[in-house]
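Q: I would like to learn how to read the features of a protein model, one at a time. Can we work through an example together?

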Amino acid sequence: MYAVVGCSDCSMLWVVEGRPETSQCPRCGTTRQYAKRKKFVSTEEEDHAREVRASMLANRQGHGDAFAELDSFTEMEGQIDDAGPSDEEYLEGSGLDADAVAEAGEAAMDSGGSKSRKERVREAVRELDEATADAVVDYAAERGVDAQYTRKTLEKLVRAGEATENRGVYRLL
């Protein structure tokens, strides 16, 4: 079951699935018992609940007539593939080889994707047997993180209580 519910504090409308004990407003964060929330419609279909919410928002802003002329969410989702150029046409129109882009995407997904510089520093502390500042700097540098950033990040991790430094060796907490 899906219900369109509203927040009494900020007037936000959203769709809730099932009957949770409490629900939290996505806008203002107010938490209330689900039973006390204003329910505008309850339905078995998520698409119907989405349509009702969208219609209510359009009416609230004075665009109810324009919304009534639109197709349903389900129908519009089916039309997305027909609108505009395909991914391949777009890439080739931009001067890129679509097959090479697809291969690069697959390679990135297989390798676990890219990591932020901070995550590389954390990885170094976690993976190294003796995570001294110099060892962490070397590890991170091999992965494209500059030494100055690595040293600053180590200091910040210690200050934030995310890592400790004892006799020159770092350890994540």
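Predicted model: local features only at pLDDT ≥ 70, side-chain atom pairs only at ≥ 80, totals over all residues.

Q: What is the strand order of the open sheet?
A: The order is S2-S1-S5, three strands with antiparallel pairing. S2 and strand S5 (38-43) are the edge strands, each pairing on one side only. From one strand to the next, the twist averages 25 degrees.

Q: Over how many bridges do S1 and S2 pair?
A: S1 and S2 pair over five bridges, in the antiparallel sense. Valine 4 has valine 15 of S2 opposite, and tyrosine 2 has glutamate 17 of S2 as its bridge partner. The two strands form a hairpin, with six residues between them.

Q: Which residues point one way from S1, and which the other way?
A: In a regular strand the side chains alternate between the two faces of the sheet. In S1, Tyr2, Val4 and Gly6 point one way, while Ala3 and Val5 point the other way. Residues from both sets are buried; five of the five residues of S1 are buried, and the strand is mostly covered.

Q: Which helix lies across S1, S2 and S5?
A: Helix H1 (residues 46-60) lies across these strands. H1 runs at about 170 degrees to S2.

Q: What is the phi of serine 11, and where is the residue found?
A: Most residues other than glycine have a negative phi, and most peptide bonds are trans. Serine 11 has a positive phi, near 70 degrees. The residue is found in the loop between strand S1 (2-6) and strand S2 (13-17), in the turn of the hairpin. Serine 11 counts as partly exposed because its relative accessibility is 40%.

Q: What is the phi of arginine 167, and is arginine 167 buried or exposed?
A: Arginine 167 also has a positive phi, near 55 degrees, in a residue other than glycine. Its place is in the loop between strand S6 (163-166) and strand S7 (169-172). With a relative accessible area of 82%, arginine 167 is exposed.

Q: Is threonine 30 buried or exposed?
A: A residue counts as buried when its relative accessible area is under 20%. Threonine 30 has 15%, so it is buried. Threonine 30 is placed in the loop between strand S3 (22-24) and strand S4 (31-33). Not counting residues up to four places away in sequence, threonine 30 touches Cys7, Asp9, Ser23, Gln24, Cys25 and Arg37.

Q: Where is valine 101 found, and what is it in contact with?
A: Valine 101 is found in helix H5 (residues 98-110). Leaving aside neighbours within four places in sequence, valine 101 is in contact with Leu91 and Leu96. Valine 101 is partly exposed, with a relative accessible area of 35%. From valine 101 to glutamate 88 the C-alpha to C-alpha separation is 9.5 Å, and the two are 13 residues apart in sequence.

Q: Which residues of helix H6 are buried, and what do they pack against?
A: In helix H6 (residues 117-127), the buried residues are Arg120, Val121, Arg122, Glu123, Ala124 and Val125. The buried residues of H6 pack against helix H7 (133-142), helix H8 (147-159) and S7.

Key: Residues numbered from 1 in each chain as written. Heavy atoms only, no water. Helix = DSSP H or I, 4+ residues; strand = E, 2+ residues; numbered from the N terminus. Buried < 20%, exposed > 50% of the residue type's maximum accessible area, 1.4 Å probe, protein only. Contact = heavy atoms within 4.5 Å. Pairing = 2+ DSSP bridges. Axes fitted to C-alpha atoms, helices over the stretch in contact; angles between N-to-C directions.
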